[in-house]
Number of protein chains: 2
Amino acid sequence: MAKQATEYFSVRPWTVEEERFDPERNRVAEAVFSLANEYMGVRGHTDEEISAPTLRGSYFNGIYEYSPEQASGYLGVVRRTHYMINSVDYFAMELRVDGVAFDQAKADISDYRRVLDMKKGLLTRELVWKLNGKSVRLSFERFLDMEYPNRAYQRVSVRSDDDVNVELVFKTDFNVLHWGQPVQWKQVAVDRKCAGIVCSTRTTSQLVASVSHVDGNCNGRWYVSATDRLVCNTLRIRLEAGHKFVADRLIVNAVDKRGGDAAKLLDFASEELSRQAAEGYDAARKRNEAYWQRFWNKSDIVIEGDDADQQGIRFCIFQLQQTYHGADPTDNIGAKGLTGEAYSGHAFWDTETYCLPYYLFNNPAAAKYLLSYRYNTLEQAKKRARDLDCTGACYPIATLNGEEACTLWQHASLQLQPTTAVAYGIAHYVNVCGDRAFLTGPGAEMLVEICRFLASRGQWDAKNEYFGYYGVMGPDEFQMMVNHNTYTNYMAKQTFLFTLRTVSSLSDEERAALVAKTGLKQSELDLFERCADKMLILYDSSTKLFEQHRGYYELPHIDVDDIPADQFPLYSHWSYDRIYRNDIIKQPDVLMFMFLYSSQFTLEQKRANYEFYEPRCIHESSLSPSVHSILASELGLTEQAANFFGFATRLDLDDYNRNTHEGLHLTSIAAAWMNIVYGFGGVRSDGELLTLNPTMPSGWKRLCFRLGYGGCELTVDVTPHRLRLCSTGKLKLFVYGKEVEVCGETVIPR
Amino acid sequence: MAKQATEYFSVRPWTVEEERFDPERNRVAEAVFSLANEYMGVRGHTDEEISAPTLRGSYFNGIYEYSPEQASGYLGVVRRTHYMINSVDYFAMELRVDGVAFDQAKADISDYRRVLDMKKGLLTRELVWKLNGKSVRLSFERFLDMEYPNRAYQRVSVRSDDDVNVELVFKTDFNVLHWGQPVQWKQVAVDRKCAGIVCSTRTTSQLVASVSHVDGNCNGRWYVSATDRLVCNTLRIRLEAGHKFVADRLIVNAVDKRGGDAAKLLDFASEELSRQAAEGYDAARKRNEAYWQRFWNKSDIVIEGDDADQQGIRFCIFQLQQTYHGADPTDNIGAKGLTGEAYSGHAFWDTETYCLPYYLFNNPAAAKYLLSYRYNTLEQAKKRARDLDCTGACYPIATLNGEEACTLWQHASLQLQPTTAVAYGIAHYVNVCGDRAFLTGPGAEMLVEICRFLASRGQWDAKNEYFGYYGVMGPDEFQMMVNHNTYTNYMAKQTFLFTLRTVSSLSDEERAALVAKTGLKQSELDLFERCADKMLILYDSSTKLFEQHRGYYELPHIDVDDIPADQFPLYSHWSYDRIYRNDIIKQPDVLMFMFLYSSQFTLEQKRANYEFYEPRCIHESSLSPSVHSILASELGLTEQAANFFGFATRLDLDDYNRNTHEGLHLTSIAAAWMNIVYGFGGVRSDGELLTLNPTMPSGWKRLCFRLGYGGCELTVDVTPHRLRLCSTGKLKLFVYGKEVEVCGETVIPR
């Protein structure tokens, strides 16, 4: 079941380039060329309409609709989902030359080149269009503002060797499709002056405004026209041979997630548009490039010796930063970011498990905001716990607004890892970033509510001897409804223990505040202690193996290698229930908690469990290989580590999973970062000291990355023969098994 | 959680009577007063429209619609269900006196009496209606023909002390509601001559025709009018004081389940109507009463000393006979028979488990037809097995047409008991009725396909040491997805063994025919033998307990008595997943197979398991108490046996479950019969000889029932001090633990 790369984009260290256009790969290119700035995201679709397979997509963080409510007689089963909705198409455009509409899939084009410049945060497209014996050079450029999140920019230029008539129509269009179906945006205001429209969602009454201003280097007059949910800015000119016509469109998009006053929102947008116009296109582009330059100076990973990996990891970092950088504590990171409709924009437990580490070391403020998102949705989590007949807070498996969006009860009711992941995230954040104020305030409050949930969802065995979770699904979703899943029990135990440590570390004042907020009683703390103490952890010290869940060893065995390659993914080829009754693992489960709490396990324990579970795993989660790679690195299994790393950085660039056209795998992108930093870098951040065990795949000549840690900037620079550490301040670290103090530069031979 | 009786109907040995009309109980009365003749069923709704809560329902066995297909990405998950559809309202009527429409819920009525005469199969209603100072006596009568299944009869009579104008409109109306929603019957033919309509279902293109002929003792002229899906026969007369006007309507309903030629169906119906008219109303009623008399002579159960139970059990027998008596091998017994829309008319494994025994001893031909139904739907069962990635035949948990109708994968994919129940039914039928031709033909073919399914659905444990079922739900639906459910494993083992015995008993010719039909190979028989031999049965000989499934003993314990009464039923008060993670049992599971294969277990084994599991069972199935009562009888726990018997015969008459308004619990009705015959009668029919251990609840003075067995009629007549057995031929029996030969009358003191 080896995955196949589709090498379509050129490999360059700082750019992703499409040097010839293949209509069949158009949707993949749209995903890869996505731009975003956390506030909004837009796929890299062509400005003009195209007759190739396309998914024109424009999304705003937190703008969503509810599905109709499903009938169900069962309590605790989610009856309606919610989903990020495809929104205004603000880069839409029509371009006609001598009356012929440009369509890149049909036109006779040459000198084609589309470039995503990651250093500058800029997407450009250039080509020569031959029609009626004439040669017209077109170029397109767009970017989203990383500092002023409402602002977007579009430039189109036309140059011809002959005289031509040019008609340009810039459109702001709410008549969009979502999963191929028309979206019923409701127009609530329109303003020709700023070519603006405000539309409202149907079920959530949220507002989205889009206004724009166009300007061109010609004397022609722009005509504004408006029909339902569509505003057009039209210009017709005669372009003389050799002249270049350039038109810039400045765009402001603004949303009101709570659905306030449309006129007010329009006013805000149009004022912001004036400020944007005052700065102008070129100045803004320069400023935005400077933003990206500052960013790369801090967060780049340099890989020498493998251009594909170099480009791949930069693409990952670029997309992660675009999708989320902590602009707003009500934002989160969807599995597909803002690059498509798949997964409905939902954030999963991936956020705390796979994404958070990147932010811990690159952007602690953003890390804090991700946890604040959970704090801001604590009420929804408490409601969900009540729906499940429990107390405390149960975090959703999939959500945009904090409510559980998963209507499959087997996932929404049986998977507890989103909840323990929040507790883990708090602990991890505090351990790396040391934010005691967050811990003692919102952190402690969340921890108490999480423990309440865990104490009420867990049960004592028939003899009242041990505690644990019955009827759960761990991260390994191929074991649907089991008892004493060790991941769940272990994570819950750690959550209880961390909470107890946190509470006992509080000052009297802090504790009083916590009690005032949560009504926490000593009897509850006693219960949490008892739960942690009596938590059943299925461990056999003779084999050093953790049993994945009670009865796992007895399950019918399937040799993964015996499954014909054409039967993957299993969900598409096996009947639903068949998947759940054997020892195949979808994604690591025991290995996962051994990685998250790495410092609590010996190398021998890790080796034993890796050797037992690795052959049973079929990696039907794109997140699975990274964890295996990281553990393989630690165990010195360099070849396996490299194999599992394999396509991690290029999952989307080379479309390994054949579904990049639906959107980028944002959380896998985060896992690729972890794979490098935790895997080859050997970073571990769950213990008292930060640990480093840098190594490298054999083909690489140099790996260099930076970590923000302990108030310093730490550079980790590895070559085959030495490790160079460089810190802007004094840092105690654990390097290659020894405690090291770094200040300035330290070189350690390898 | 004691259930409460609502004593609404008068207790009489042969009738069910409503002596005053309570509009609030109208729907319950409609269910209780249902008439059926297997071909069709009609609720006991008033002929005229009524302004009380009502569910006018008319159903035909095997006439159904498909639901729209649901989206699901999962293989083997049923995407569309099908359901018995409310059909033509052929008893509909309007009655106006002096221009006022009669509405029983609003009219000033007295001398009211509605009577279901079970001895005669007749439903009558009489009352005096006072309006405008006049007194009008109305009477209504209806019955369905048990011998000519297309025929229905309706009589209305009016008598007044004053001169009145009477308008009578007999309607044949396809404009009906299903679950309160209009049904879109499609009219395909209409014929004024016979006041007939033919309509078609939408998704299955089945045809239903209804024609009628009215006649009255007056010279008035009947006018026929027709609008869409409605035909009316209208008469207006002047009725003189003291005169009695009687109008009879003869009705023929005919269906074409395969959707053939509407004109042909109409011809058939109208010819049948001529034959019906030739016989006439009174002669037909007399003939039908004779049918019921013959039936009761054979199948009555006499209970002396408890009129409520006497009435109750006769009501059960009457309804069971009405619903199904083996008229057509494509019919089956829906959980609610033909008395309502709940459960969609679906037949469940209840048929073979709870209903079949009644037919084995009363109507072997009908028992054979029930099994033939499974044979006729073998292809659907084979398709279902393939959908589940298995071979052989998997019988549906719920169905009308043989296809799986349950869209909840957890039931449809995990419950194997419908399949083992078919095998059990074949074995039981052959053991009691001795039909070797059925066994060696269709029986053996089904058994082979069932074993193929069971062999392919089962799995070997990790060490390849034992066989069993992973990811299953046994009859106890509170344990959703478990491994080695002992009911499932045990029943599968018995199925393999019975199949092997059957195959080895075949003559060369019979075996050749079986191989020709099924392609059966010796290697398959070897596999079946290995599966049976290595089947894991979780039994502890020291405690004599069967563990309900692997890990059951470890489950968190809930003391059933600790659950507040207002939390039942649990599905309505507990979150869905909460129900599945403790040791509460919904309905007997271990006790069930110990009853079905009674002869294979010692009394000590039965006692140990009864004592262990009984306290854990909350009986959230109406079928559960009967099995407990039967076992309690066997164990000499007479008080418990009586308690569990409790409301068995009167579940619907006294509306214990508060949902009789939706329809009668037909399969619970069958279980009530079993409760008396197998419980108090102590009958066991799974061994070589028929076993009898007759006893009685303390309040009864006499229990007398008849069994057709071994070609004889056996009367079992119990009083407190003796058992009288009477056989029409020579019979070897096991009575009170001793082998007895009965021929003629034998009296045994108790």
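Tutor: A definition comes first: axes are lines fitted to C-alpha atoms, for helices over the stretch in contact, and angles run from 0 to 180 degrees between N-to-C directions. Helices (H or I, at least four residues) and strands (E, at least two) are DSSP runs, numbered from the N terminus. This is a predicted model, in which local features need pLDDT of at least 70 and side-chain atom pairs count only at pLDDT 80 or more, while totals for chains, interfaces and linings use all residues. Residues are numbered from 1 along each chain as its sequence is written, and chains are lettered from A and ligands numbered from 1 in the order in which they are written.

Student: At what angle do H10 and H13 of chain A pack?
Tutor: Helix H10 (residues 436–457) and helix H13 (residues 522–533) of chain A pack at about 60 degrees, and their axes are 10 Å apart. H10(A) is therefore oblique to H13(A); angles under 35 degrees count as roughly parallel, over 145 as roughly antiparallel, 65 to 115 as roughly perpendicular and the rest as oblique.

Student: Which residues meet there?
Tutor: From H10(A) come Cys451(A), Arg452(A) and Ala455(A), which meet Glu524(A), Leu527(A), Phe528(A) and Cys531(A) of H13(A). Residues are in contact if their C-beta atoms, placed from the backbone, lie within 7 Å. By class, this contact of H10(A) with H13(A) has 5 nonpolar, no polar and 2 charged residues. Here Ala, Val, Leu, Ile, Met, Phe, Trp, Tyr, Cys and Pro count as nonpolar, Asp, Glu, Lys and Arg as charged, and the others, Gly among them, as polar.

Student: Changing topic, how is chain A divided into domains?
Tutor: Domain 1 covers 1–32 + 300–339 + 649–750, and domain 2 covers 40–290; the bounds come from an automatic or database domain assignment. Taken over C-alpha atoms, the centres of these two domains of chain A are 31 Å apart.

Student: How many residues are in contact between them?
Tutor: In chain A, 26 residues of domain 1 are in contact with 25 residues of domain 2. On the domain 1 side, H1(A) gives the most, with 6 residues.

Student: And what about chain B?
Tutor: 36 residues of chain A are in contact with 36 residues of chain B. The chain A side has 18 nonpolar, 9 polar and 9 charged residues.

Student: Last, what is the strand order in the open sheet of 5 strands?
Tutor: The order is E9-E8-E14-E21-E20 in chain A, with antiparallel pairing; two strands pair if DSSP finds at least two bridges between them. Strands E8 (residues 93–97) and E14 (residues 164–173) of chain A are joined by 5 bridges, and Met93(A) has Phe170(A) in E14(A) as its bridge partner.

How values were computed
Contact = placed C-beta atoms within 7 Å.
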